[in-house]
Amino acid sequence: MDFFNKVLAAEYDFDAIGQFFKNLFNGSFTGKVEELWDKLWGMVSVIHPFVGYLFLALALVQLLFGKRLLGFQKFVGAFAVGYAASVVYLVPVLADLIPALADFGWIVGIVVGIIAILLRKILYMAVYIIAFAYIPYYLVYSGSLVEAIGGNMIIAAAAAAVLVVLAIVLRKWVEMLGLSALGAYCITKTLDVKFGVIDMIPMDGMLVGLIIVGVLTLIGFIIQVKTRKRY
């Protein structure tokens, strides 16, 4: 109940949500998974100098063809989140009951990941609706948009309901825009971290990054709309 009370009180900001997913990644990328990754990474040392270009290419594909690849991304994302969530939250509980499971948490993670794949359409829609409900709810209730109506649960809930309805009705367009934005962000992040492009521009780094993300998102969205499947 404490979790739901915090949600209703809009206590989870965007930093907290980002930290949640970061904790999932860090908590699951340990033990045998980390060992396996280190071995695989060592085996492909020849491509290490080209990793930045590989990331850039993948981000470009996401920018231009994200909607077409959404089914594959749901598949991979469902397994990854199912695996991570089970290893971080479920395995410790089971290990308290059956200590022997502590060394085989990765097996539990794989099983849960496969179940998540089978339920990926339901899970995707649940996450989709929750995301578009909580974002406006948080912005209104916390007073981030209009301080005068901050703390008004009725207005915040109404804003959440309106945005959820719009997000469902316009789902195809929202997905294309969101996937374009994700691709644009990944491109910008790669240009910044791997190639230092942002630092070369004599302007405020955050502003430059936002401009690049905005322009690339618009380009990607237009291309995805123009090349979308018509039935």
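Tutor: A definition comes before the rest: helices here are DSSP runs of H or I with at least four residues, numbered from the N terminus. Please keep in mind that this is a predicted model, in which the protein chain has a mean pLDDT of 88, with 97% of its residues reaching 70 or more. The patch you ask about lies on the surface and is formed by F104, W106, I107, I110, V111, I114, I115, L118, L119, I122 and L123, which together have about 1000 Å² of accessible area. Two helices, α6 (105-118) and α7 (120-141), each supply at least two residues of this patch, and the largest share, seven residues, comes from α6. One of the patch residues is I110, which is found in helix α6 and is partly exposed, with a relative accessible area of 32%; patch residues need over 30%.

For a contrast elsewhere in the chain, turn to helix α5, which runs over residues 70-97, has 28 residues and reaches 38 Å from its first C-alpha to its last, close to the 40 Å expected at 1.5 Å a residue. A kink of about 45 degrees lies at L90 in α5, shortly before the proline P92. Several residues of α5 are buried, among them L70, A78, Y83, V87, V91 and A95. As for confidence among the elements of the chain, helix α8 (residues 153-169) has the highest mean pLDDT, 95, whereas helix α10 (residues 197-200) has the lowest, 74.

Methods. Residues are numbered from 1 along each chain as its sequence is written. This is a predicted model: local features need pLDDT of at least 70, side-chain atom pairs count only at pLDDT 80 or more; totals for chains, interfaces and linings use all residues. Side-chain values use heavy atoms; hydrogens and water are left out. Patches are made of residues with over 30% relative accessible area and no salt bridge: like charges are joined within 9 Å, nonpolar side chains (Val, Leu, Ile, Met, Phe, Trp, Tyr) within 5 Å. Accessible areas come from the Shrake-Rupley method with a 1.4 Å probe; for residues, only the protein chains shown count as cover. A salt bridge is a side-chain nitrogen of Lys or Arg within 4 Å of a carboxyl oxygen of Asp or Glu. Buried means under 20% relative accessible area, exposed over 50%, partly exposed in between (1.4 Å probe, protein chains only). pLDDT is the predictor's confidence in each residue, from 0 to 100. The expected span of a helix is 1.5 Å times one less than its number of residues. The bend at a residue is the angle between axes fitted to the seven residues ending there and the seven starting there.
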